[in-house]
Structure formats: structure tokens, C-alpha cells
Amino acid sequence: MIQFLNLKAINDSFEPELSNSIKAVLDSGWYLQGKETAQFEAEYAEYIGSKHCIGVANGLDALRLILKAYLVLGVLKEGDEILVPANTFIATFLAITDNNLKPILVEPDSFTFNLDSSKIEEKIGTKTKAIMAVHLYGQNAIDERIMALAKKYDLKIIEDNAQAIGAEWGGKKTGNIGDATGHSFYPGKNLGALGDGGGVTTNDDELAKVIRALANYGSSKKYVHDFAGLNSRLDELQAAVLRVKLRRLDSDNQHRREVASYYLENIDHPTMQTPRLPLNESPKTYLGHVWHLFVLKCTRRSELQKYLAANEVQTIVHYPIPPHQQKAYSDLAHLSFPITEKLSSEVISIPLSPVMKMKEMEEVVRIINSFPKD
């Protein structure tokens with residue numbers, strides 16, 4: 001069986017350093033808000049290029065806390081509108097609605113699967129206050145048009161960088177392009193912890209100060225609570241694990257590019273469409289994509305997934321039901337987003353990881369290309 005993502009093999013590749021870092025935390029007797037978290041925050045901020053990193057409990061909380069802090073600071077008020085891609089994981093929506101803000105859905109580009117910047121301006125109204133740009137599947141989602149619209153309409157750009165840690169645009173890392181960014185360190189991410197974890201990066205001193213307090217019960221001084229906050233903190237064990245993995249992130253992302261390049265060069269089937277990159281960009285050298293996922297479009301997805309499973313290739317569908325069609329958002333069910341809905345019925349993610357071997361890549365391609373054509 002070629003696993004979709006072999007987390008044990010990935011973690012084994014960091015040994016013995018990973019186990020040593022965990023043991024050091026256990027031996028320290030200090031498990032929250034200690035030196036490992038402080039050092040990871042400093043190292044991650046330096047990697048991203050931002051002034052601040054605040055470690056939090058998970059990627060959803062990272063986005064929730066950004067919006068909550070903007071509410072506290074008066075930048076947002078309840079009922080304000082946040083532009084968000086219709087094609088995204090539900091966490092992006094949850095962060096918005098949890099703060100009593102309104103998601104305004106924008107269709108994706110049918111080839112990149114990311115936010116279609118040409119469709120943004122028509123959605124901007126008097127209550128629009130921010131664009132939430134999701135770097136989906138590992139590819140940067142921001143372009144010059146988005147930056148220009150944010151400036152023209154005085155909109156905040158909030159990045160959801162859960163899937164694209166290490167990607168770049170315009171000489172900057174994603175996570176340091178907009179005003180604030182939520183990051184996820186879920187185990188399967190390119191920079192993955194051994195449990196949940198997340199972070200916020202920003203260059204805004206006041207925003208960072210408020211987010212740090214909000215994540216710690218609304219407190220910046222013990223037993224003094226300025227805000228009605230949350231308990232959302234990155235723990236010392238996860239911070240220690242992330243410090244080890246961060247040192248190898250760029251090389252791991254480069255291996256992902258090598259796998260993606262092999263797929264792009266060799267998958268050839270009339271029922272499938274492989275991901276597209278900007279014109280004249282090579283998957284081996286294009287820094288705007290870190291290939292968290294390799295997502296095919298197939299008009300016969302269900303048949304393909306069964307065929308691959310029968311031939312011992314694991315796959316996952318990201319995501320079979322778009323947020324506006326989920327029961328949790330039944331108030332959006334009347335809306336129609338045909339590009340998003342078509343993608344949800346056709347996309348399928350195939351194996352890709354930083355420890356994937358050439359023989360596995362060759363076998364995946366061989367099986368995909370042998371899928372019956374009718």
C-alpha cells in the first residue's frame with residue numbers, strides 16, 4: 001500500500017533529534033509558556049519574516065484570534081463582512097462566524113483552485129472590511145490585484161497559511177504579505193507538530209499584544225484580565241517538536257516540489273487535469289507553491305478513487321462538500337457557486353510527502369495512467 005501520507009516515516013526521519021527534544025521538555029518539568037515556545041516563536045517569526053509570532057492551540061484559533069483582536073481594537077465590528085473563497089476548508093468560515101462577522105463568498109479560479117481575484121471587487125460593499133486569502137493546497141493565493149483592491153478600499157488582508165508554510169510571493173514568505181496570518185501545525189501539514197498547534201504572525205505591534213493576551217484568558221499579567229479571552233496556547237512539547245522540524249522545512253518543501261514535478265511531467269490521462277502553475281514557471285524552482293497537496297481533477301473521480309484503492313494507492317478528497325452546502329451553514333444553502341461545486345465533485349488528492357521514494361512515485365503514475373479511459 002502506498003500511503004497518502006506516512007506520518008510515522010516522516011517523524012522517524014527526524015530521529016534521534018525529535019525524541020531528544022521531547023525528553024528535554026519532559027526533564028525540564030515546564031510544559032506551558034516556557035523557553036521552547038518563546039524560542040520557537042522567535043525562530044518562526046524570523047523564518048516568515050514577521051516581527052511577531054504568537055503560538056496558539058491550533059490553526060482555527062489563530063484565525064479566530066486575529067478577528068477577535070480586530071474587534072477589540074475597533075478595526076472590525078460585529079456584522080462586518082469578510083471576503084472569503086467559497087472553495088476552502090470549513091475552518092476559514094468558522095473563524096469568521098464565530099466572531100459574529102459575515103462571510104462573503106468568492107468563487108475560485110478553476111485552474112489554481114485559489115481565490116479568483118478578478119471576482120473580488122464586485123463583492124465589495126460598505127460593510128466589507130477584510131479579504132481572507134487562503135493559500136489552498138500549498139499555493140500562494142495573493143496577487144497584485146488583491147493588494148491593489150485592499151489599498152483602494154482600505155481592507156485588511158488576513159492570510160490563512162495553514163497549507164502553504166514556506167511558500168513565497170514578491171520576495172516574501174506567505175504569512176508576511178498581508179496584515180496578519182493564521183498558521184496551522186496540524187500533524188499532516190508541511191510543518192507538523194505531534195498534535196494540534198497553530199500560530200499568528202503579524203508586523204502590527206498592538207495587534208500582536210492583544211492576540212497574545214486574548215489567547216491567554218485575556219490576560220497579559222497573571223490574574224489581571226483586560227479582555228474576555230480564550231485558552232489557546234502552544235505547549236512546550238509541540239514547540240520543541242516544531243523547532244526540530246523547522247530547521248529542515250525548506251529542504252522538505254523542495255522534495256515536495258520534486259515529487260510534484262515528476263507527477264506533472266508524467267501523469268497523462270484524458271479524464272484528468274493536473275494542477276497549473278503560472279506561465280513559464282517550473283515546479284522544481286517555483287517558490288510560490290510548497291505542494292502541501294497534489295490535487296487532480298477527474299470527471300470520473302469516484303471510479304478513479306476505487307480503482308486506486310484496489311491497486312493499493314491511498315487518496316483523499318479535499319473537500320467533498322463545500323462550506324456553503326454544509327448543514328452548519330444552512331443559511332447559505334440557497335447560494336450557488338458552480339465552480340466551487342464542480343471542483344468539490346472532481347478533485348482528488350494523491351500521495352505526496354517529503355519522504356516519498358522514486359519507486360512510489362513511479363508506481364502511482366503507472367497506476368493512474370492505466371486507469372481505463374472509458
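1. Buried is used here for a residue with under 20% relative accessible area, exposed for one with over 50%, and partly exposed for those in between. The model is a predicted one.

2. Strand β13, residues 294–298, deserves attention at the outset. Five of its five residues are buried, so the strand is largely enclosed by the rest of the structure. In a regular strand the side chains alternate between the two faces of the sheet. In β13 both faces are covered: Phe294, Leu296 and Cys298 are buried on one side, and Val295 and Lys297 are buried on the other.

3. Strand β12 (residues 272–273) pairs with β13 in the antiparallel sense over two bridges, and Met272 stands opposite Cys298. Strand β14 (residues 347–350) also runs antiparallel to β13, to which four bridges join it. Within β14, Ile348 is the bridge partner of Leu296.

4. Helix α4 comprises the 14 residues 59–72, which at 1.5 Å a residue should span 20 Å; the end C-alpha atoms lie 20 Å apart, so the two values agree. The helix is mostly covered, with ten of its 14 residues buried; among them are Asp61, Arg64, Leu67 and Tyr70.

5. After the helix comes Gly74, which has a positive phi near 85°.

6. A nonpolar patch on the surface is formed by Val72, Leu73 and Val75, whose accessible area together is about 190 Å². Val75 is located in the loop between α4 and β2. Its relative accessible area is 34%, so Val75 counts as partly exposed.

7. The structure holds 17 salt bridges. Side chains of opposite charge can pair when their charged atoms come close. Lys77 is exposed at 53% relative accessible area, whereas Asp80 is buried at 2%.

8. Two further pairs may be examined. Lys119 and Asp116 form a salt bridge with closest N and O atoms 2.9 Å apart; Lys119 is partly exposed at 26% and Asp116 is buried at 12%. For Lys173 and Glu168 the corresponding separation is 3.4 Å. Here Lys173 is buried, at 14%, and Glu168 is partly exposed, at 25%.

9. Finally, Glu36, Glu43 and Arg243 are linked in a network of salt bridges.

Terms used. Residues numbered from 1 in each chain as written. Predicted model: local features only at pLDDT ≥ 70, side-chain atom pairs only at ≥ 80, totals over all residues. Heavy atoms only, no water. Buried < 20%, exposed > 50% of the residue type's maximum accessible area, 1.4 Å probe, protein only. Pairing = 2+ DSSP bridges. Expected span 1.5 Å × (residues − 1). Patch = residues over 30% accessible without salt bridge, like charges linked within 9 Å, V, L, I, M, F, W, Y side chains within 5 Å. Areas by Shrake-Rupley, 256 points an atom, 1.4 Å probe, with all protein chains shown as cover. Salt bridge = Lys/Arg side-chain N within 4 Å of Asp/Glu carboxyl O.
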